[in-house]
Amino acid sequence: MSEQLNYERRRLLTTAAITIAVGPFLMAGSADVRSGKVNQAASSTFRQEPNSSFGILKQIDAGVLTIGYAELGPSDGIPVLLLHGWPYDIHSFVDVAPMLAARGCRVIVPYLRGHGSTRFLRSETPRSGQQASLGADVIALMDALNISRAVLAGYDWGGRAACVVAALWPERCMGLVSVNSYLIQDIAKATLPLPAPIEAGFWYQYYFLTERGKAGLTANRRDIAQLMWTRNSPNWRFTDAEFDRSATAFDNPDYVDVVIHSYRHRLGFADGYLMYQDMEKQLALQPVITVPTITLDGDADGVVPATDGKATAGKFSGWRQHRIIPEAGHNLPQENPAAFNAAVWELASKQQ
């Protein structure tokens, strides 16, 4: 009996210590949204996600979506939006977000469309994955949260969304951190071949052009993601628990449709939707990004080889610095959170 009492005492003390350590982040993440329309149905069913390190997530109606997101840090801090890629989720920033919150930033980490608890508000809304839709979602979220300007930081799909906003709405972007530099797709040149080793790494894009590929993603979404994590980041020794924590985001009912449209559209095999037509016309001009920017390349990226940044220098007319991060792969913020945090903070601190 005394042994059991000692165990219970140790467990309670441990729980209390953890609560004290992470309490400020959890409190910031679970506070009511001060402006914007919070989805009432979702807000009544907030829960701790399995294996989540963000605590209780929030939900808000924004544009065509109800977006699930984590929020950390003071509500009056410098706004920072951290945008994940595919096939990943918000846990790419599970270490970066608390670092920035501790520096006084208001950190928003949303699930992109087709992922996690983010849902379409109407069944008839097209399940678009085109680049314009991703950028429009970021603007809609900022509007819903009453954020006029923010530092935008991301990689892969999230980096593309950040680049779209920085290019088309520079007045909304304090600064940009983008992994793999300028990510706005030049769809008119989608038929031009890349070097063979890069083409081989893009196998999934060509697979998804087929109905077999769509069926494969439907049946094997976790296996495909795990394969890509391994190949995208050959130096990253992620655990089963880390993968499982993120893989729940792929169970979203719109995941397959959004992913398939994304890759078919970028390669010119699917039309864009009318609601994004004007944006796509602007993006087709490959607009220059004028906001302060830090671009990052991982020198162990299994998808996009690291460069010196010179090839994309003409796409940035403002202050821009390019950095190569040793040993990091495609999921750079989770693999080297210190380097990603440093880049975001360098831009955010200029706003103080």
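Reader: What makes S181 count as buried?
Author: S181 has a relative accessibility of 4%, and buried means under 20%, so S181 counts as buried. Keep in mind that this is a predicted model.

Reader: Where does S181 lie, and which residues does S181 touch?
Author: S181 is in the loop that runs between β7 (173–179) and α6 (196–201). Setting aside residues up to four places away in sequence, S181 touches C163, T295, L296, D297, T312, F316, R320 and H322.

Reader: What makes α8 oblique to α10?
Author: The axes of helix α8 (residues 211–232) and helix α10 (residues 255–266) cross at roughly 140° and come within 10 Å. Roughly antiparallel needs an angle over 145, and roughly perpendicular stops at 115; that leaves α8 oblique to α10. The crossing of α8 and α10 is right-handed.

Reader: Which residues of α8 and α10 meet?
Author: E211, K214, L217, T218 and R221 in α8 meet Y255, V256, D257, V259, I260 and R264 in α10. Sorted by class, the contact of α8 with α10 has 5 nonpolar, 1 polar and 5 charged residues.

Reader: What is R231 in contact with?
Author: R231 has its place in helix α8. Apart from neighbours within four places in sequence, R231 is in contact with W203 and G302. The C-alpha atoms of R231 and G201 are separated by 8.3 Å, and these two residues are 30 residues apart along the chain.

Reader: Which residues of α9 are buried, and what covers them?
Author: In helix α9 (residues 240–247), the residues F243, R245, S246 and A247 are buried. The cover over the buried residues of α9 includes α8 and α12 (332–335).

Reader: How many residues has the largest nonpolar core?
Author: The largest nonpolar core has 103 residues, and L82, W86 and F340 are those with the most contacts inside it. Leaving out residues up to four places away in sequence, L82 touches residues including F93, V96, L100, A153 and F340.

Technical notes:
Residues are numbered from 1 along each chain as its sequence is written. This is a predicted model: local features need pLDDT of at least 70, side-chain atom pairs count only at pLDDT 80 or more; totals for chains, interfaces and linings use all residues. Side-chain values use heavy atoms; hydrogens and water are left out. Axes are lines fitted to C-alpha atoms, for helices over the stretch in contact, and angles run from 0 to 180 degrees between N-to-C directions. Helices (H or I, at least four residues) and strands (E, at least two) are DSSP runs, numbered from the N terminus. Angles under 35 degrees count as roughly parallel, over 145 as roughly antiparallel, 65 to 115 as roughly perpendicular and the rest as oblique. A crossing is left-handed if the near helix is turned anticlockwise from the far one by less than a right angle, and right-handed if clockwise. Contact means heavy atoms within 4.5 Å. Ala, Val, Leu, Ile, Met, Phe, Trp, Tyr, Cys and Pro count as nonpolar, Asp, Glu, Lys and Arg as charged, and the others, Gly among them, as polar. A nonpolar core is a set of buried Ala, Val, Leu, Ile, Met, Phe, Trp, Tyr and Cys residues joined through side-chain atoms within 4.5 Å. Buried means under 20% relative accessible area, exposed over 50%, partly exposed in between (1.4 Å probe, protein chains only).
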